[in-house]
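This report looks at two parts of the fold in turn, with the cut-offs behind each term stated where the term is used.

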Amino acid sequence: MLLFDGHLDLALNGVDWNRDLRCSVDDLRAQERALGMTDPGRGGATLSFPEMKAAELAVCLSTLLARQEKEINHSFGWTSPQTCYAMAHAHLAWHRAMEKAGYLKALRTKNCLRQHLNDWNTRGTQAPLGFIQTMEGADPILVPDTISEFHEHGLRAIGLTHYGPNRYGGGTSCEVGLALDAIPLLKRIEQLGITVDVTHLSDVAFWQVLDNFNGRIHASHQNSRRLAPWQRQFSDEQYRAVIERDGVIGIAFDIIMLQPGYVRRVSERLVSMERAVENIDIICQLAGNTRNVGIGSDLDGGYGVEQTPSDFNRFRDLQNMTTLLEKRGYSAADIAAIMHGNWIRFFLEVLPD
Ligand SMILES: [Zn+2]
C-alpha cells in the first residue's frame with residue numbers, strides 16, 4: 001500500500017545526527033552501538049532510504065528544523081536566529097544533495113506531485129522519495145519577510161513553534177500566545193499560499209492562529225489528548241477546528257503521544273500500534289468520515305525504536321496499519337485514504353499550480 005507520511009525530520013538525521021541515510025537501518029544501528037552512543041534515539045534508528053522504500057513510502061513532508069535555545073550546550077538548539085537560519089540552509093542543502101543523488105525528489109507544485117505519483121505507479125520503489133518541504137518552528141525566519149526567501153527555495157508548509165516559546169509565539173509545554181511578529185508572518189504565509197502546520201502550538205497560540213490566519217491548515221503529527229492527556233496532544237475541540245477547515249491530521253508513532261504518563265528512559269513500552277488505530281478512530285468519529293486523518297509518523301524525530309509502540313521495530317512496520325485498520329472494520333477505500341489519499345488530496349489543493 002502506497003504510504004504518505006505527513007512528518008519526517010530527515011535532514012535532522014542527515015545533518016545534525018550525521019547519519020548516512022543511504023545505509024540500511026541495521027547498519028545505522030550497528031555503527032552507533034559500536035561507538036557506545038547512548039543518547040536517546042542513538043543506536044535505535046528506524047528509517048533510512050532503503051528502509052523507506054521497503055515501507056512503500058512515496059511522499060513525505062520533510063522538515064527544516066533549527067530551534068533557538070539559550071544554552072550553548074543544548075542538544076537540540078542553536079543560540080541565535082542567525083545560526084538557526086544557517087542550519088535551515090544546511091537542511092535545504094542536504095535535501096538538494098540527496099536530490100542530485102537520486103534519493104529524493106522535491107514536490108513544489110500540484111503538477112510535480114501528480115507526475116511523481118505517476119512515476120511511482122509505473123516505477124514503484126525505483127522512483128525516488130517525493131518530499132514537500134516544511135519547516136518545524138519558525139526560528140530560522142529572521143524577520144517575517146524571510147519566509148519569501150524560503151518559499152523560493154521550495155518551502156510549502158510551516159509550523160510557527162516547536163517546544164517552548166520562540167520569537168513568534170508559544171509552543172509545546174508552555175502557555176504563551178502569539179508574539180506581535182506572528183501577525184505579519186501569518187499574513188505573508190497566507191499571501192504565499194503556504195499551509196500552516198498547527199502542531200506544536202500552545203493551546204492559546206493555536207486558537208490565535210486560527211483567528212488570524214485564513215489560509216489552509218493541517219496538523220502534521222498530532223495525536224489525541226484522550227490517549228495521552230497532556231498539552232502536546234489536541235483536545236476534541238482542537239481536532240474539530242482542524243476538521244472544520246478541512247485540514248488533515250497525521251497520527252504520530254512517538255509513544256509519548258500514545259501512552260498516558262510515559263516518561264522517557266523510564267517507562268516500559270506498554271501500548272501497541274493498535275493505539276494509533278484508536279487515535280484514527282477518534283478523528284473519524286469527530287469528523288463523521290475518514291477524510292481528515294493520515295499518517296504523520298514523526299519517526300526518528302529525536303528518538304528511536306525505544307520510544308515507539310511495543311510491536312513496532314522499523315519503518316516498514318507502518319504497513320501493518322493496513323491490517324490493523326482492516327480488522328477494525330475500515331473499508332479498503334478508507335484504508336487507502338488514511339495511508340495516502342487524504343494527504344494527496346490536501347496537497348493537490350494546497351500546492352501552487
Ligand atoms: Zn515535532
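## Strand S7 and its partners

Strand S6 (residues 129-136) and S7 pair in the parallel sense over four bridges, where helices (H or I, at least four residues) and strands (E, at least two) are DSSP runs numbered from the N terminus, and two strands pair if DSSP finds at least two bridges between them. Ile-158 in S7 is the bridge partner of Met-135. Between S6 and S7 the chain passes through helix H6 (residues 146-152), in a β-α-β crossover that is right-handed, that is, clockwise from the first strand over the helix to the second with the strands pointing away from the viewer.

S7 also pairs with strand S8 (residues 195-197), in the parallel sense and over two bridges, and Ala-157 stands opposite Thr-195 in S8. With helix H7 (residues 182-192), S7 and S8 make a right-handed β-α-β unit. Five of the five residues of S7 (residues 155-159) are buried, so the strand is largely enclosed by the rest of the structure; buried means that 20 or more other C-beta atoms, placed from the backbone, lie within 10 Å of the residue's own.

## Model and numbering

The model is predicted, so local features need pLDDT of at least 70 and side-chain atom pairs count only at pLDDT 80 or more, while totals for chains, interfaces and linings use all residues. Residues are numbered from 1 along each chain as its sequence is written.

## Helix H10

The buried residues of helix H10 (residues 274-287) are Arg-275, Ala-276, Asn-279, Ile-280, Ile-282 and Ile-283. H10 is followed by Gly-288, whose phi is positive, near 80°.

Terms used
Expected span 1.5 Å × (residues − 1). Buried ≥ 20, exposed ≤ 12 C-beta atoms within 10 Å, placed from the backbone.
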